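Me: I'd like to learn how to read a model like this one, feature by feature. Can you walk me through it?

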Amino acid sequence: MINKFIYETKLGNILICDNGKAIIELKFTKEKCVPQIMRESTLTKKAYNEIIEFFEGKRKVFDFPIEPSGTEFQKKVWNALREIPYGETRSYKDIAIAIGNEKAVRAVGGANNKNPVHIVVPCHRVVGIKGDLVGYAGGIDVKKELLKLESEMKMK
């Protein structure tokens, strides 16, 4: 059984889904919560609370389990994204090199775009080769805010 709930945050609504064991999806959405058809769980609440702590600068690492669904290549990219330190960025090329396939820059971008667990798998930390903010499913403004938050908190 899949539990699914939409929570409001200062950066927009976030959809959080779990499979009873782990978070399988956490992403920004334009949808609104419809309590009659959505089911909140202990795990979605835990994830939401940790996301709020992250937004408040009180958390850099998440404790809840995740099980993102994707291809082996996507999972390899997502694991590399999780290695990007808090408050830092890497280019798509850096990630391609990190997974051992320097020529897979476009494929890395595609995997980044398919990331089902935003923030926890920090696709917002991936930037263009010249440091420009390119692509983010939650919107460039949200990406900018996430990077600003991390940069400010890292300085403290």
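Reply: Start with the elements: helices (H or I, at least four residues) and strands (E, at least two) are DSSP runs, numbered from the N terminus. Here, strand β2 spans residues 13-18 and holds Leu-15. Keep in mind that this is a predicted model, where local features need pLDDT of at least 70, side-chain atom pairs count only at pLDDT 80 or more, and totals for chains, interfaces and linings use all residues. Residues are numbered from 1 along each chain as its sequence is written, and side-chain values use heavy atoms, with hydrogens and water left out.

Me: Is Leu-15 buried or exposed?

Reply: Buried means under 20% relative accessible area, exposed over 50%, partly exposed in between (1.4 Å probe, protein chains only). Leu-15 has 4%, so it's buried.

Me: Which residues is Leu-15 in contact with, leaving aside neighbours within four places in sequence?

Reply: Contact means heavy atoms within 4.5 Å. For Leu-15 the list is Lys-4, Phe-5, Ile-6, Glu-25, Leu-26, Lys-27 and Thr-29.

Me: What is the strand order in the open sheet?

Reply: Strands of a sheet pair through backbone hydrogen bonds, either parallel or antiparallel. Two strands count as paired if DSSP finds at least two bridges between them. In this open sheet of three strands the order is β1-β2-β3, with antiparallel pairing. β1 (3-7) and β3 (23-29) each have a single partner strand, so one side of each has no neighbour in the sheet. Between β2 and β3 there are six bridges, and Asp-18 has Ile-23 in β3 as its bridge partner.

Me: What packs on the sheet?

Reply: Helix α1 (residues 42-55) does, touching β1, β2 and β3, and its direction makes about 140° with that of β2. For such angles, axes are lines fitted to C-alpha atoms, for helices over the stretch in contact, and angles run from 0 to 180 degrees between N-to-C directions.

Me: Which residues of helix α2 are buried?

Reply: An α-helix has 3.6 residues a turn, so residues three or four places apart point the same way. In α2 (residues 72-81) the buried ones are Gln-74, Val-77, Trp-78, Ala-80 and Leu-81. They cover an arc of only 155° around the axis, so they sit on the same side of α2; the arc is that of the directions from the helix axis to the C-beta atoms. These buried residues pack against α3 (92-98), α4 and β5.

Me: Where is His-118 found?

Reply: His-118 is in the loop between α4 (105-113) and β5 (126-127), and at 4% relative accessibility it counts as buried.
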